[in-house]
Amino acid sequence: MSRPPFGQSFSRRNVLTSLAAIPAVALLAACSDSGEEAKAADVKPANPATPAKPATPAAVQVPEAQGNVDMTELMKPGALPDKQLGKDDAKVTIVEYASMTCPHCAHFAETTFPDLKTKYIDTGKARYILREFPFDPSAEAGFMLARCAKDNYFPMVDVLFRQQANWVGVSNTKEALLQISKLAGFTQESFEACLTDQKLLDDVRSVQKRGANEFKVDSTPTFFINGKTYKGAMSIEEMSAIIDPLL
């Protein structure tokens, strides 16, 4: 499914030093407060991703990788099954660690992902995997709702990114998320059941913890493209400069 337009350009956020130790039953309450911890304006932007040097209109320089990981380790099953678009045997594997409350992740979804999907994923050249890396209780709640949407995981992620300005940092995040979820087929009961599922919350946190501890993810979006690490949202031209030599 092609991602619809999302929002405007934002700067990248640093991950919080640690996630709040909040149980699933408290997520509904946490999503009802002022959401100060989720406001992009309250989080200093990280240093920009290492960009390609200024390029002539005819060429885009390949962005510099910021590390390498073992693909065998990266692809080992985690606490939650990977959500994937594309073929298993694609030559290129792209793993993105993202946060639902990260404005830069929403910006990538708007400006780059539709072309990435059309050019590489839909054509069988690349597979794309999204992994949860929540910054705060609101981001945890967003990912939990996407997981509870079952086969509609990616459409739910799309909607939450597209509507990010309407539920992140607002006065009543719980109510905003409920209204979005109802459009996706949730009822009041299934919404509350999802956000009070302690095991699901623990699993989402395990995905985040593994990314931080094993693969040194410390900001979002972070991409692993055939094992090489790239931090920060990239343009389709920059991603093509990385992907094309791998095909």
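How many residues apart do arginine 210 and glutamate 214 lie in helix H10? They are four residues apart, about one turn of the helix. The model discussed here is predicted.

Arginine 210 and glutamate 214 are joined through their side chains by a salt bridge, with an N to O distance of 3.5 Å. Arginine 210 is buried, at a relative accessible area of 15%. Glutamate 214 is partly exposed, at 46% relative accessibility.

A salt bridge also links lysine 199 and aspartate 203, and here the closest N and O atoms are 2.8 Å apart. Helix H10 covers residues 198-215, and these two residues are four apart within it, so about one helical turn separates them. Lysine 199 is exposed, with a relative accessible area of 56%, whereas aspartate 203 is buried, with a value of 13%.

## Salt bridges elsewhere

Over the whole structure, a search finds eight salt bridges. One of them pairs aspartate 122 with lysine 117, with 2.9 Å between the closest N and O atoms. Aspartate 122 is partly exposed, with a relative accessible area of 48%.

## The cavity

The count of cavities of 30 Å³ or more comes to one. The volume of the largest cavity is about 70 Å³. Two elements each give two or more residues to the lining of this cavity, namely strand E4 (126-132) and H10.

The residues that line the largest cavity are Lys76, Pro77, Gly78, Ala79, Leu80, Asp82, Tyr97, Arg131, Glu132, Arg147, Val207 and Arg210. Sorted by class, this lining has six charged, five nonpolar and one polar residue. Arg210, which is in the lining, also takes part in the salt bridge with glutamate 214.

## Helix H3

The buried residues are Pro103, His104, Cys105, Ala106, His107, Phe108 and Ala109.

## Glutamine 84

Glutamine 84 belongs to strand E2, which runs over residues 83-85. With a relative accessibility of 25%, glutamine 84 is partly exposed. Its side chain makes a polar contact of 2.8 Å with the side chain of aspartate 88. A second polar contact, of 3.4 Å, joins the side chain of glutamine 84 to that of arginine 127.

Which residues does glutamine 84 contact once neighbours within four places in sequence are left aside? They are Arg127, Tyr128, Ile129 and Phe154. Leucine 130 lies 46 residues from glutamine 84 along the chain, and the C-alpha atoms of the two are separated by 6.8 Å.

Conventions: Residues are numbered from 1 along each chain as its sequence is written. This is a predicted model: local features need pLDDT of at least 70, side-chain atom pairs count only at pLDDT 80 or more; totals for chains, interfaces and linings use all residues. Side-chain values use heavy atoms; hydrogens and water are left out. Buried means under 20% relative accessible area, exposed over 50%, partly exposed in between (1.4 Å probe, protein chains only). A salt bridge is a side-chain nitrogen of Lys or Arg within 4 Å of a carboxyl oxygen of Asp or Glu. On a 1 Å grid over the protein atoms alone, a cavity is a set of points where a 1.4 Å probe fits but cannot get out, and a pocket is an open set with protein on both sides within 12 Å along at least five of seven lines; lining residues have an atom within 4 Å of a point. Grid points are joined across faces, edges and corners, and a volume is the space filled by probe spheres set on the points. Ala, Val, Leu, Ile, Met, Phe, Trp, Tyr, Cys and Pro count as nonpolar, Asp, Glu, Lys and Arg as charged, and the others, Gly among them, as polar. Contact means heavy atoms within 4.5 Å. A polar contact is a pair of N or O atoms within 3.5 Å; within protein, one must be able to donate a hydrogen and the other to accept it, and residues adjacent in sequence count only if both atoms are side-chain atoms.
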